[in-house]
Amino acid sequence: MKKQQPSAEPTPKKLASTSKFAFRPTNGNYTPVKSFPQPNTPRNSNNPAASKKEGKEVRYEWLVDVRDADRNKPGDPEYDPRTLFIPDYAWAKFSPFEKQYWEIKRNLYDTVVFFKKGKFFELFEDDATIGNQEFDLKMTERVNMTMVGVPVTSFDMWASQFIAKGYKVARVDQKETALGKEMREKGSKPGKEEKIIKRELGCILTGGTLVDESMLQDDMATYCAAIKESVEDGKPCFGICFVDTSTGEFSMSEFSDDLELTKFETLIAQIRPRELILEKGLISTPALRILKSNTPLTTIWNKLKPNQEFLEAEAAIREVMSKNYFPSESDDEMDKWPEALRDSKDKELVMSAFGALLCYLQKLQIDQELISIGNFRWYDPIRKATSLVLDGQTLLNLEIFANSYDGGSQGTLFSLLNRCITPFGKRMFKQWLCHPLADAIKINARLDAVDALNADTGFRDAFVSRLSKINDLERLISRIHAGTCKAIDFLRVLEGFEQIRDAMEDIQAHGEGEGLIGMLISSMPDLKQCLQPWEAAFDREKVRTVGVLVPERGVELDFDESQGTVEGIISELHAVLKEYSVKLKCKELKFADIGKEIYLVEVPSKYWKSVPKNWDQMSATQKIKRFYFPETRKLVRSLREAQEIHAQIVEGVAARFFARFDVDYSKWLSAVKIIAYLDCLISLARSSADLGDLSCRPIFVDTKRSVLDFEELRHPTMISSVTDFIPNDIQLGGENPNITLLTGANAAGKSTVLRMTCVGVIMAQIGCYVPCKSARLTPVDRIMSRLGANDNIFAAQSTFFVELAETKKILSEATPRSLVILDELGRGTSSYDGVAVAQAVLHHVATHMGCIGYFATHYHSLASEFSHHPEIEARRMQIHVDEENRNITFLYKLEKGVAEGSFGMHCAAMCGINKRIVDRAEEAAKTFEHTSRLKDSLDSARAGTYIPLGLQSDLAWILRGNGVGDDAMKSIVQAIKCL
Ligand SMILES: Nc1ncnc2c1ncn2[C@@H]1O[C@H](COP(=O)(O)OP(=O)(O)OP(=O)(O)O)[C@@H](O)[C@H]1O
C-alpha cells in the first residue's frame, strides 16, 4: 500500500476539539464518537481572536487530524486504530505533563486511558468525551485538554463499566509520590522533563482478558480467541487458540472445514468469544460473517499485522522457549511443555494462532502468569465419535445459549437447565450442553446418578448448601499461581477446599458410593492431606480483620523478627509517654494520629504550662495542643522504616505461602473438576425434579432402525411463557415412517413441534428427564436443522442460498442415526422452483438417507405426491376455521392428515389488515392457484412425466370460463396428453 506523505506542513489544529475520533466498539469496527472532522477545516484555534472570543487560551495547536503511527488516515486499509501520529512541530509545543500523557496515549489510541493524578484518575480528550457521553461524567475544560476525573478508589468500578460497554481500559500509575519527586529533584539537577511525577502503564484491561475476580462480572467463561485462516487444496483450514484468562485454560484447535465453515461456526457459537485476534486483511468474508453473527456486540476485534504481530508458528515456538514459561529439571525444552502444546508444535496454523495470542497477552503483561500455569488442552468442536453433534446453526436455531430476539440468555435451554451452584460447575455444564452424549451407557450412568440424587432430596440439598459456600476456586487457584491473590481470597480458597473435604466425608458417611457418583468420589485427591499443613499456618482472624497473612509464631522467622522490631518501637513510644505522664502528673496524656503525623501527644489546656520547652508543638485546638517529644521524631522514623521492612516481609510471606500452595496445583484443580462434575449432576437432578410429574426418564433402545417416540411432549422453555401449552406425541422411525411431512396453517405450531422434538432429544442425551409422559429413543448422533429464513446481509447471501447451503450440509452429513429438521424448504425462491427443490430433497431424505426427521411445509401438494411413500407420513396441525368471520382457532394438536391450506388470508384478517385488501388478495390467490396448477400440469404433460391429478378440472375451469364447450375441451385435453 502506497503511503501518503503530507506534501507540506499541515494546517495545525488543537487536538482537544478536532480529533473527536475515539473508539466506540461496534461489532467488528470502530466508529467515531463524533463525526470525523474534514482535514484542513478552518478552525477557531488558528484564529487567536476567535479563541479569545470563546474565552479560552489556546496555546497548543498540534494535530492536523488523526493518523496512525504510519500516517495512514482512518478509512485507509492500512490504518492502525491502535496508534496515533504526533508530528514533531506539535510535540515541541507540549508541556512536560502533556508529553508524558501523549507518549503513553499515542500507542494506546484504541484504549481509554485512566491517568493517575494524585487522588484521581483523569481521562483526557477523546477518552473524556467517551466518559461524558457514556456515563455523563462531568467534563472540565482544562487549559489545553478536556478532562473528566474519577476518584482513585473507584477505579475498579469505572473500569468495569467501560469494559462492559466494550472499551479497553489502560491504567497509568504514579510511580512516586509528590514527596518522592521532591527528593529525586533534590538529589539531581533536574532538567525540564524531570519536574513531573514519574508515571508508567500499570495494566491494560479488556473484556476478553480479565483475570481479577473483582472485575469479572460473569461466572461463565469469557474467551479471547486468536484465529489463523488459510486454504489448503481448495479447502478452508483454521488454527484457533482461545484462552479463558480467569482460569488460565488454553484451548487449541486445528481443522480443515467444509465450504460452509460448519466446524468453524460451531466452535464460535460454542465459545462466543468476547475478544478476537485476527490477521489483518487475511480473514475471509464467510468467516467474518460467522464471527459477526456469533459474537456479542461488545466483542473486541484486534487486527494484528501479519508476520510482525501475528506470529508464525516458528516464531511462536522460539518465543515460548526464550521466555522459559515452564521451568523444570529436564534438559529438553520440549519435555517441559504441557502435552497439548507439545502436540501442537508441528501444526502450523494453531501454533501461529497461539503465537498471536501470546503476543497479545505479552502486550497486556499477563503472559507469564497465564502460560506458566500450563493448563492446555486440545479442543474438538464436533466430537463425532462421542457426542451428539449440534452444529453452530443448530445451536442458534434451537436457542440453546442465545435467544433469537436479543442474543441474550433469557429463555434459552441453558438458562432453564443450568441449576449449578458453583461458578466452575456452570462452566462445565455449558460444555455438557455443547456436547450431549451419544453413548446410551454413559447417558444411563448420568440418569442413574440423577435418580439417586432425587431419591434422597434431603441429602442432595445438604450437599447443595455446602456447595453454595464455595467461591470460584478454579479462578482463585490460578490467581494463587500468579501470586496476585489477596490474603482474604487465599483464606476463602482454603475454606472452600475444607468445605469440599467435609462434603466428601458426608457423602462417604451417607453411603453414596455407587455408580458415577462413587467413581467421582473415589477419584477425589486426598484433600485432608493437602489441607493439613494449612490448618494452623496463619492467623485466620487477622486475615479477616486486617487482610494480612500473619503466620503463626515460629513458622516464618523473618516475619517474627520484623514484627518484634515494630512492636518494640511502639512499646518504647508508650514507655516514653508513661514517663512524661508521671513527670507532668498528667494521666490524660495520650497519642493521636492526625493525617500523616503519627504519635502526636495530646496535652489538655490545664497542663500547657508544664510542657517542657523542648517539646515541638505541631497543632492546637481550643482545648488541646499536640506535641512531639524530643524522642518522638527519631522513634517515629525508626518505626516507619521498621514498618516498611515488615511490609516487604509480609509480601514475601504471602508469596511463599502461595508458592507452597501451588505445588499441589494439579490436585486442587482435579478436586475442582470433580466438584464441578457433581454440581452438573445435581443440576440435572434439580432440573429433572422441577419438571414435575409431567416428565419422565428417557429410555434408550438399541434397534436397527432409529426410533424417536415421545408421548405428550412439551417444549420446556415455552411451558412457563405459554399458559395451556398443548402437548403432542412425536413418533418418528421404529414402527412408524422415518419422516413426518408436517403441514398446517401459519402460526399453527409447526416450528414449535420441530424445535421441541430436538430439545427433547438434547435433554435426554445430556442425562436429564424429558418433559413428556414417556420417551423412547435410539441415541441420535447429530441434529441437523434448517429453520426459518436466515438472510445474510453481511455475506451478501440470499435467503435461498442460505437455505440451499444448509440443505446441502444436511444431505451430505446426516446418517441413519441423525435427526433432520427441515422447515419450509424452498420458500426463498419462486413457488415452482421452491416446490421442485422441496420435493426432490424430501424424496432423497426419505428414500436414501434412512434418518428420522420432520419436513414442515406449506407446499401441500407434496403430501399427495408422497402419499404412498413408506417412509413419509403426513401430519398436520389441528385448527378450527370460521370461514364467515375469516377466523382461525389454533388447537396446536398434531394429527394424521394434510392441512387444507395455509389460511394466509385468515391470518391477514386476524392481524387486522383492511377487509377490502384481504378480499382482493383472496381473489388474486384463487386466480394464481388455478393458473399455476394449469401451468404445472401443462409443463409436466409436455415433459411427458405424468398427468397430474386435477389437470382436467383445472383446464375445464379455465376453458369453460372462456366459453369453450365440453367436446372441444375433451379434444384439447387429449391433445395435451399426446404432446
Ligand atoms: N403446542 C402449543 N401450545 C400452545 N401454544 C402453542 C403451541 N405451539 C405453538 N404455540 C403458539 O403459537 C405460536 C406460533 O407457533 P409456531 O411458530 O410454531 O407456528 P408455525 O406453524 O411454525 O408458524 P409459521 O408457519 O407461520 O412459521 C407460538 O409462538 C406459540 O405462542
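This is a predicted model: local features need pLDDT of at least 70, side-chain atom pairs count only at pLDDT 80 or more; totals for chains, interfaces and linings use all residues.
The chain contains 36 helices and 29 strands. Of its 979 residues, 39% count as buried. Among contacts between residues at least 6 apart in sequence, 69% join residues at least 24 apart.

Seven strands form an open sheet with mixed pairing, in the order S15-S25-S26-S27-S23-S28-S29. Strand S15 (389–390) and strand S29 (887–896) stand at the edges; each has a single partner strand, so one side of each is left without a neighbour in the sheet. Helix H29 (residues 750–766) packs on this sheet and touches strand S23 (739–743), strand S25 (782–786), strand S26 (818–823), strand S27 (852–856), S28 and S29. The direction of H29 makes about 160° with that of S26. Strands of a sheet pair through backbone hydrogen bonds, either parallel or antiparallel. Strand S28 (residues 872–882) and S29 run antiparallel and are joined by seven bridges; in this pairing, Ile 879 has Phe 890 of S29 as its bridge partner.

Strand S27 has parallel pairings with S23 and with S26. Four bridges link S23 and S27 in the parallel sense, and Leu 741 stands opposite Phe 855 in S27. S26 and S27 also run parallel, joined by five bridges, and the bridge partner of Asp 823 in S27 is Ala 856. Five of the five residues of S27 are buried, so the strand is largely enclosed by the rest of the structure. In a regular strand the side chains alternate between the two faces of the sheet. In S27, Ile 852, Tyr 854 and Ala 856 point one way, while Gly 853 and Phe 855 point the other way.

A further open sheet has four strands in the order S20-S24-S21-S22, again with mixed pairing. Its edges are strand S20 (699–700) and strand S22 (728–733), each with a single partner strand, so one side of each is left without a neighbour in the sheet. S20 and strand S24 (residues 774–777) run parallel and are joined by two bridges; Ile 699 stands opposite Arg 776 in S24. Helix H29 lies across strand S21 (707–713), S22 and S24, and runs at about 80° to S24.

The residues around the ligand are Val 722, Phe 725, Ile 726, Gly 744, Asn 746, Ala 747, Ala 748, Gly 749, Lys 750, Ser 751, Thr 752 and Tyr 892. They divide into six nonpolar, five polar and one charged.

Helix H21 (residues 487–510) has 24 residues and reaches 35 Å from its first C-alpha to its last, close to the 34 Å expected at 1.5 Å a residue. Its buried residues include Ala 487, Phe 490, Val 493, Phe 497, Ile 500 and Ile 507, as well as Asp 489 and Arg 492. Gly 511 follows H21 and has a positive phi, near 85°.

Arg 544 is located in helix H24 (residues 540–546). This residue is classed as exposed because 11 other C-beta atoms lie within 10 Å, the limit for an exposed residue being 12 or fewer. The C-alpha atoms of Arg 544 and Arg 419 are separated by 31 Å, and the two residues are 125 residues apart along the chain.

Conventions: Residues are numbered from 1 along each chain as its sequence is written. Two strands pair if DSSP finds at least two bridges between them. Two residues are in contact if their C-beta atoms, placed from the backbone, lie within 7 Å. Axes are lines fitted to C-alpha atoms, for helices over the stretch in contact, and angles run from 0 to 180 degrees between N-to-C directions. A residue is near a molecule or strand if its C-beta atom, placed from the backbone, lies within 6 Å of it. Ala, Val, Leu, Ile, Met, Phe, Trp, Tyr, Cys and Pro count as nonpolar, Asp, Glu, Lys and Arg as charged, and the others, Gly among them, as polar. The expected span of a helix is 1.5 Å times one less than its number of residues. A residue is buried if 20 or more other C-beta atoms lie within 10 Å of its own, exposed if 12 or fewer, and partly exposed in between; C-beta atoms are placed from the backbone.
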